[in-house]
Amino acid sequence: MKHLLSLLIPLLLLTSCEEKTRFALKEGTDVTNITWKNYYKSCGANNLKKVENFKIVKGTVVTWTGKVYQVQKDAGAEEMRKFDSHIIRVKMPGSNSLMADVTLRIPKGEQKHRKYKKGDYVTFRGPVKYLGSSMNDHIVEVERFKKVIPKVKF
């Protein structure tokens with residue numbers, strides 16, 4: 001127990017030192033071409049207004065590029081029969097997260113993504129459906145995706 005506490009205390013201090021913002025989107029803001037950077041500023045874990053902002057952004061179709069962190073079996077796929085049983089977890093540019101930022105739910109029947117590996121880059125398009133947190137990824141229900149070679153690696 002003592003060892004566990006010695007690991008948790010620095011982690012809590014590290015997360016509590018992050019600067020919080022109160023950036024709010026105005027009702028009626030055009031989010032049709034929202035970039036990852038602007039989405040993260042509006043709906044990221046450090047924004048105290050993220051829930052209100054996400055109400056404006058939810059359902060917006062985005063086209064973003066990220067780096068594959070992991071392809072894994074989706075524990076919840078059985079309940080959502082319109083999606084493949086595997087998801088892609090993606091780390092986004094400018095991210096300071098240790099793992100992934102976005103989970104991509106792939107249409108049922110697609111399987112090419114199962115061959116993707118950590119470090120591959122993928123461009124994806126689809127609506128943002130669920131707000132992430134410091135512990136959970138944002139979720140995009142992908143309509144199209146492809147492996148790419150990015151202009152700038154991150």
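**Group meeting: a walk through the predicted model**

Let's start with helix α3, residues 50-57, where Lys 50, Asn 53, Phe 54, Ile 56 and Val 57 are buried. Buried here means under 20% relative accessible area, exposed means over 50%, and partly exposed is in between, using a 1.4 Å probe and protein chains only. Looking down the axis of α3, those buried residues fall within an arc of 155°, so they line one face of the helix. The arc is taken from the directions that run from the helix axis to the C-beta atoms. For background, an α-helix has 3.6 residues a turn, so residues three or four places apart point the same way.

A quick word on what we're looking at. This is a predicted model, where local features need pLDDT of at least 70 and side-chain atom pairs count only at pLDDT 80 or more, while totals for chains, interfaces and linings use all residues. Residues are numbered from 1 along each chain as its sequence is written, and side-chain values use heavy atoms, with hydrogens and water left out.

Okay, the overall layout. The protein has three helices and six strands, and from the N terminus they run α-α-α-β-β-β-β-β-β. Helices (H or I, at least four residues) and strands (E, at least two) are DSSP runs, numbered from the N terminus. Of the 154 residues, 39% count as buried. The protein exposes about 10,100 Å², with carbon and sulfur atoms supplying 57% of it; that's the Shrake-Rupley method with a 1.4 Å probe, and for residues only the protein chains shown count as cover.

Back to α3. What do its buried residues pack against? That would be α2 (36-43) and β4 (121-130). Contact, by the way, means heavy atoms within 4.5 Å. Just after α3, Gly 59 takes a positive phi of about 90°.

Now α2, whose buried residues are Trp 36, Tyr 39, Ser 42 and Cys 43. They cover an arc of only 130° around the axis, which puts them on the same side of α2. Their cover includes α3, β1, β3, β4 and β5 (138-141).

On to the strands. Strand β2, residues 83-91, has eight of its nine residues buried, so it is largely enclosed by the rest of the structure. Strand β1 (residues 61-73) runs antiparallel to β2, and six bridges join the two. Strand β3 (residues 102-107) also pairs with β2 in the antiparallel sense, over five bridges. The rule for pairing is that DSSP finds at least two bridges between the strands. If you want landmarks, Lys 67 stands opposite Lys 91 in β2, and the bridge partner of Val 90 is Val 102 in β3.

Which residues have the most contacts inside the largest nonpolar core? They are Tyr 39, Trp 64, Leu 104, Val 122, Phe 124 and Val 140, in a core of 25 residues. The elements giving two or more residues to this core are α2, α3, β1, β2, β3 and β4. A nonpolar core is a set of buried Ala, Val, Leu, Ile, Met, Phe, Trp, Tyr and Cys residues joined through side-chain atoms within 4.5 Å. Take Leu 104: leaving aside neighbours within four places in sequence, Leu 104 is in contact with Ile 87, Ile 88, Val 90, Val 122, Phe 124, Val 140 and Val 142.

A polar contact of 3.4 Å joins its side chain to that of Lys 147. By polar contact I mean a pair of N or O atoms within 3.5 Å; within protein, one must be able to donate a hydrogen and the other to accept it, and residues adjacent in sequence count only if both atoms are side-chain atoms. Arg 89 is in strand β2, and Arg 89 is buried as well, with a relative accessible area of 14%.

Thr 32 is in the loop between α1 (2-16) and α2. The side chains of Thr 32 and Asp 30 make a polar contact of 2.7 Å, and Thr 32 touches Thr 60 and Val 61, not counting residues up to four places away in sequence.

Last one: Leu 98, in the loop between β2 and β3. Leu 98 is exposed, with a relative accessible area of 80%. Beyond its neighbours within four places in sequence, Leu 98 is in contact with Tyr 69 and Lys 91.
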